[in-house]
Amino acid sequence: MTTAETVAPQGLSAAADVPTGVHIDGAWSDPGRSFEVTDPATGLVIARMADAGADETRAALDAAVRAQQDWAHWAPRARADLFHHAHALLRERRERFARVMTAESGKPLSESRAEFDLSAGFFLWYAEQITHLHGTWAHGSNGGYRVVTTHQPVGPCLLITPWNFPLLMSARKAGAALAAGCTVVMKTAQETPLTGALFTQTLVDAGFPAGVVNLLHTTRSATVSETALADRRLRKISFTGSTGVGSLLLQQAAPNVVNASMELGGDGPFLVLDDADVDLAVEHALICKFRNAGQACVAANRIILHEAIADEFTEKFVAGARELRVGNGFDEATEVGPIISGRQRDRVVDLVDRFRGIGADVLTGGRPAPGDGYFYEPTVMALASRDHELCTEELFAPLAALYRVASVREALDFANDTTYGLAAYLFTRDLDRAVSIAEHLEFGMVGINRGIMADPVASFGGVKASGLGREGGPDGIHEFLEPKYLAITVDESKDGLR
Ligand code: NAD
């Protein structure tokens, strides 16, 4: 394990030339209060950021409202050209983004680079949609008029993002909103504000006009969201985070009937059937579980194994988990970085204690890993029973829970027995079974013989308590557009043809 002394300069230098103010109406400013950003691999403070409150929120919304009309009326080609320029500038800064993400989130550099590539891919996907947003033309049901349907930007948006994929979440939301012609106020997570600041700086450098892109970071998230949602001029909230906070924001959005998209928590079942390619399932389960130290909404939360392959899978999966290199993300050999904070690591320690309390057999890991940061060993637990509410809690940790079932019926019932409905995974060699079982899984996304879901061309999102709406794919941009139709009287007798 790398020591804090040798890695501190890397985290600090990554953070060094990123703006630390809030960005409002085309300018960086400092409200005079600040908060610290910590590198979770070392526990060292790497930056001090401006701490926004109600005044900055109102100012950012004022700017977004002022810029809205003009931005909405930019010609599609001009907006697309600006997006392509911003995409090129983002790509030039790939390594800088990767280092900033690793510094503040702790994820290994390889994962930061992969997140960058996916994020840039989303931005490009939206850029390509801008000039392809067409409406429809129809004859009125009883003749005498025509119906022209078009799409208009919903208006100024508040975008709230979590810390676990700081660039992906910002680029996926802001890309769609801006492409649709909306102006935005982004509110990034307190743990990872630097990535959002570098993203905003890049859009500003590319030439996005003043007021179109505004950025707040804060220790008082509730103040920001309450202030913005109480203002009738805000027309949309797009949130990614926990179901609890999402539900609270929906309540705050209700009085003004603010349009809302919610990407919330998950409890992904990972089903491995009796005819599965076990080696493939193990390979994907390791990624799906331990990527980002398990802190992913689409992570494999319950690994459900048919008894025919359970022993073989368990043996190979445990061996794979033991081989994962835990360490500082700046070490290129690292495969699993730290947990985001001391508080979150304490939660994981408590979670494992609670699992032990219900009879979980810890097969590997089960304790914090050494180091100055918030490391935890990749952990695998086998559970004989699933009859406890803990078994359907979102783990959000490098903690794999294995369950055995005797039939597909049992596997499916357990998979669906959750309030969540984000991503599910299914491993089988039989395509007929795969399609049929996937159709019975109550989830927004099903990975068949693969444990990685995100792709710009796919409509990402969940059902039930996992959210409302989709990001990416053909649907993503429409979350920020509203249909509008014009009914046009046409007196056909005037054409002189009849
Ligand atoms: P969180 O809900 O605590 O925080 C998410 C964001 O909301 C952060 O910016 C935070 O500062 C802000 N926030 C917190 N309390 C708030 C309040 N009262 N009012 C307004 N904003 C508030 O979630 P987290 O712990 O940062 O992230 C983990 C959760 O996010 C997990 O449940 C995970 O599944 C979910 N998530 C979902 C997706 C998805 O696409 N569905 C993606 C990533 C993470």
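Select S225 first: an N or O atom in its side chain is 3.3 Å from a nitrogen atom of the ligand, a polar contact being a pair of N or O atoms within 3.5 Å. This is a predicted model, in which local features need pLDDT of at least 70 and side-chain atom pairs count only at pLDDT 80 or more, while totals for chains, interfaces and linings use all residues. Residues are numbered from 1 along each chain as its sequence is written, and side-chain values use heavy atoms, with hydrogens and water left out.

Next, select K187, where a side-chain N or O atom is 2.9 Å from an oxygen atom of the ligand, and then R172, where the corresponding distance to a ligand oxygen is 3.5 Å.

Now show the whole shell of 29 residues around the ligand, counting a residue if one of its heavy atoms lies within 4 Å; among the closest are T161 and E394.

Finally, colour domain 1 (8–265 + 461–484) and domain 2 (268–419 + 423–448), with bounds from an automatic or database domain assignment: both give residues to this shell, so the ligand lies between them.

How values were computed
Polar contact = N/O pair within 3.5 Å; in protein donor to acceptor, adjacent residues only side chain to side chain.
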